[in-house]
Amino acid sequence: MSWFESLILGLVQGLTEFLPVSSSAHLRLTAAFSGWEDPGAAFTAITQIGTEAAVLIYFRKDIGRIISAWSRSLFDKTMRKDHDAQMGWLVIVGSIPIGVLGVTLKDQIEGPFRDLRITATMLVVIGIVIGIADRLAARDENGGRHRAPKQRKGLENLSVKDGLIFGLCQACALIPGVSRSGATISGGLFMGYKRESAARYSFLLAIPAVLASGVFELKDAMEGGHVAWGPTGFATVIAFVTGYAVIAWFMKFISTKSFMPFVYYRVILGIVIIALVATGALSPHAAESAG
């Protein structure tokens with residue numbers, strides 16, 4: 001991997017990780033359209049450490065409160081009813097599905113799931129799902145001629161059951177094209193949560209899963225020696241800086257705007273990819289490594 005490739009891929013990772021468009025799909029597509037080798041699941045997992053570092057800094061006050069309250073709740077029973085302490089447990093519970101499936105399906109994630117036909121299909125299908133969830137949320141928020149606006153849930157209403165459902169939605173993002181934020185936020189909207197609440201929990205929920213995945217891939221890469229460390233480290237730093245800016249923008253965007261621009265983008269991109277693959281203009285499989 002060249003330094004130029006790492007710059008572009010780092011920017012793509014940072015720009016798309018927190019938007020409901022699938023960062024893994026865009027890394028795969030950027031390489032395919034540019035004629036580069038597929039950066040692979042290991043590169044994706046390691047550069048995601050950079051974007052998760054952006055989450056840690058942006059939500060540092062929330063995270064500090066949650067860790068503090070959760071730690072104290074282990075020894076102080078009176079703290080177990082504290083919202084922040086409960087949130088700590090709910091992040092742990094919600095992380096179980098992706099942890100189990102990530103280990104179980106590791107070979108599929110690094111191989112068959114990276115087929116562009118699967119990626120394109122997921123872009124379209126999940127795009128439609130996000131669109132439906134967005135319309136349901138808008139209907140509740142705005143009401144109608146014969147219907148008053150409906151109050152949607154906040155994170156104070158989050159239960160173990162809902163946390164697990166969020167976690168299952170997040171696990172779907174193991175397939176390129178799904179989008180971690182797209183799947184979890186739309187899942188939250190279907191369960192009746194506010195946009196901001198669903199997004200906030202989605203970002204918090206991603207922290208243990210992404211960091212664990214990154215460290216796991218980092219360990220494998222160090223043992224296997226198959227990662228270009230300089231370019232990969234550079235891409236991780238670029239992803240961190242870009243990702244932080246995107247989080248700040250996205251949290252403001254979703255408080256007043258619809259997800260429909262992302263829905264249209266996903267569906268159009270998916271259809272274009274399907275057409276290119278069908279006509280033979282684009283190979284559905286990753287380019288073979290030269291080394």
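Reader: Which helix holds Ser-73?
Author: Ser-73 belongs to helix α4, residues 60-73. Helices here are DSSP runs of H or I with at least four residues, strands are runs of E with at least two, and both are numbered from the N terminus. The model is a predicted one, in which local features need pLDDT of at least 70, side-chain atom pairs count only at pLDDT 80 or more, and totals for chains, interfaces and linings use all residues. Residues are numbered from 1 along each chain as its sequence is written, and side-chain values use heavy atoms, with hydrogens and water left out.

Reader: Is Ser-73 buried or exposed?
Author: Ser-73 counts as buried because its relative accessibility is 2%. Buried stands for under 20% relative accessible area, exposed for over 50%, and partly exposed for what lies in between, with a 1.4 Å probe and protein chains only.

Reader: And what does Ser-73 touch?
Author: Leaving out residues up to four places away in sequence, Ser-73 touches Met-79, Arg-80, Ala-85 and Trp-89. A contact is a pair of heavy atoms within 4.5 Å.

Reader: Where does Asp-84 sit, then?
Author: Asp-84 is in helix α5, residues 83-104. With a relative accessible area of 14%, Asp-84 is buried. Beyond its neighbours within four places in sequence, Asp-84 is in contact with Arg-65, Ile-66 and Ala-69.

Reader: Changing topic: what is the phi of Ser-22?
Author: Ser-22 has a positive phi of about 80 degrees, although Ser-22 is not a glycine. Its place is the loop between α1 (3-16) and α2 (23-34), and Ser-22 is buried at a relative accessible area of 2%.

Reader: What about Ser-179, where is that one?
Author: Ser-179 lies in the loop between α8 (160-171) and α9. Its phi is positive too, near 90 degrees, in a residue other than glycine. Ser-179 is buried, with 4% relative accessible area.

Reader: How many residues of α9 are buried?
Author: Ten of the eleven residues of α9 are buried, and the helix is mostly covered. Among the buried ones are Arg-180, Ser-181, Thr-184 and Gly-188. Just after α9, Gly-192 takes a positive phi of about 95 degrees.

Reader: How many cavities of 30 Å³ or more are there?
Author: The structure holds one cavity of that size, and about 50 Å³ of space lies in the largest cavity. A cavity is a set of points on a 1 Å grid over the protein atoms alone where a 1.4 Å probe fits but cannot get out, and lining residues have an atom within 4 Å of a point. Grid points are joined across faces, edges and corners, and the volume is the space filled by probe spheres set on the points.

Reader: Which residues line the largest cavity?
Author: The lining consists of Glu-17, Phe-18, Glu-52, Val-55, Arg-180, Ser-181, Ser-202, Phe-203 and Ala-206. Two or more lining residues come from each of α3 (40-58), α9 (180-190) and α10, and α10 gives the most, with three.

Reader: Now the nonpolar core: which members of the largest one touch the most others?
Author: Of its 44 residues, Phe-59, Phe-166, Tyr-201, Phe-203, Ile-247, Phe-250 and Phe-259 touch the most other members. Helix α10 (residues 195-224) gives the most to this core, with seven residues. A nonpolar core is a set of buried Ala, Val, Leu, Ile, Met, Phe, Trp, Tyr and Cys residues joined through side-chain atoms within 4.5 Å.

Reader: What does Phe-166 touch?
Author: Not counting residues up to four places away in sequence, the contacts of Phe-166 include Leu-158, Met-191, Tyr-201 and Leu-205.

Reader: Finally, how many helices and strands does the chain have?
Author: There are twelve helices and zero strands. The radius of gyration is 19 Å, close to the 19 Å that the globule rule gives for 291 residues, so the chain is as compact as a globular protein of that length. That radius is taken over C-alpha atoms, and the rule is 2.2 Å times the number of residues to the power 0.38. Buried residues make up 52% of the 291 residues.

How values were computed. 1 Å grid on protein atoms, 1.4 Å probe; cavity = no way out; pocket = protein on both sides within 12 Å on 5 of 7 lines; lining within 4 Å.
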